[in-house]
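Dear colleague,

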Amino acid sequence: MDTQSRLLGAQGPGPYWGNLGDWRASFDTPQLDVTQAYAEAARRLAYQHARAIDLAAPDQLLELGAGQGASLALWAELGIDSVITMDRQRARHAGSRHIACAFDAPWPALPLVDAVIAVDALYHARDFAAVLQRIGQHLMPSGRWAMTTLEINPALSGTEKRALALQLRACRIAWAGVWHGSTDIFHAAGLQISGVEDLSEAVLSGFAEAIGHRAKAVRWIDTCHPAWVKLSLTARLCRHLVNSGKVRYVLISGNAARR
Ligand SMILES: C[S@@+](CC[C@H](N)C(=O)[O-])C[C@H]1O[C@@H](n2cnc3c(N)ncnc32)[C@H](O)[C@@H]1O
């Protein structure tokens, strides 16, 4: 097991989740439960994407930034047996087609799919609009898509935006890689938005609090490990972003726009 997964309290055999998690106690409450197992929260966040687009058999799915492929078991439970995963990491899972490729680099030739999902991955893009273009090109005309990413508060002043851009860059998040609230880049990519859900509390506050809770169980020696330092810094960033109101964590979903 990789150190990050162990520190997050993962158990059993992999593949392990790597997203921030949706830390609500259940689907229909705003209440957080940061004592729940990380795998539950991570699975719930992935499930939100499927729910947003009614993912079901016989959909063919392309998942961007799929990480270790923990989501494959969830997709299988939903009856999805045709999945292509893409991640810049090599696959650690078997049983589906994996493309080791950056989602913001040119993609290899792929069949058109019914659904594209990206769980907690796209804010790592260098150019969000370019990724949307590729998604639009690889969706069937009846296709649907769902993604979570960061949305910059469009009401920020120029100075606030410049300061935030520097802060995000220090965390390797590119200014052009996040969403600035414009629907134009979706339309230009042939994508129509049907829903934008604010998950800032559930995900950003939830992760920050969950790491605070987890810290009580982590051995002192582990708190010096780079993986724990990274988790702590991510938690601190999540807390700052949600408290400052400068950034929202959003689940955006929709369908291919008929052209
Ligand atoms: C926060 S993890 C989420 C992983 C997975 N979706 C999950 O729910 O466990 C983000 C993933 O995006 C991948 N990633 C980041 N930037 C990428 C890029 N430019 N192209 C492809 N994958 C990328 C990382 O390798 C990582 O696996």
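I start with Arg172, which is exposed, with 9 other C-beta atoms within 10 Å; here a residue is called buried if 20 or more other C-beta atoms lie within 10 Å of its own, exposed if 12 or fewer, and partly exposed in between, the C-beta atoms being placed from the backbone. Before going on, please note that this is a predicted model, in which local features need pLDDT of at least 70 and side-chain atom pairs count only at pLDDT 80 or more, while totals for chains, interfaces and linings use all residues. Residues are numbered from 1 along each chain as its sequence is written.

Arg172 is found in the loop between helix 5 and helix 6, and its phi is near 60°, a positive value in a residue other than glycine. Helices (H or I, at least four residues) and strands (E, at least two) are DSSP runs, numbered from the N terminus. Helix 5 itself covers residues 158–170 and reaches 19 Å from its first C-alpha to its last, close to the 18 Å expected at 1.5 Å a residue, where the expected span is 1.5 Å times one less than the number of residues.

Asp120 also has a positive phi, of about 55°, although it is not a glycine. It sits in the loop between strand 4 and helix 4 (128–137), and Asp120 is buried, with 26 other C-beta atoms within 10 Å.

As for the overall fold, the protein has 8 helices and 7 strands. Its radius of gyration is 18 Å, close to the 18 Å that the globule rule gives for 259 residues, so the protein is as compact as a globular protein of that length; the radius is taken over C-alpha atoms, and the rule is 2.2 Å times the number of residues to the power 0.38. Of the 259 residues, 42% count as buried.

Helix 2 (residues 38–52) deserves a look of its own, since 11 of its 15 residues are buried, so it is largely enclosed by the rest of the structure. Among these buried residues are Tyr38, Arg43, Arg44 and His49, and the buried residues of helix 2 pack against elements that include helix 3 (71–77), strand 4 (113–118) and helix 7 (200–215). Just after helix 2, Asp54 takes a positive phi of about 50°.

Two cis peptide bonds can be found in the loops on either side of that helix. The bond from Gly14 to Pro15 is cis, with omega near 0°, and Pro15 lies in the loop between helix 1 (3–7) and helix 2. The bond from Ala57 to Pro58 is cis as well, with omega near 5°, and Pro58 is in the loop between helix 2 and strand 1. Pro15 is also one of the residues that Ala70 touches, together with Tyr16 and Trp17, not counting residues up to four places away in sequence; two residues are in contact if their C-beta atoms, placed from the backbone, lie within 7 Å.

Finally, which residues come nearest the ligand? Of the 20 residues around the ligand, they are Asn19, Gly65, Gly67, Ala102 and His124, a residue being near if its C-beta atom, placed from the backbone, lies within 6 Å.

With best wishes
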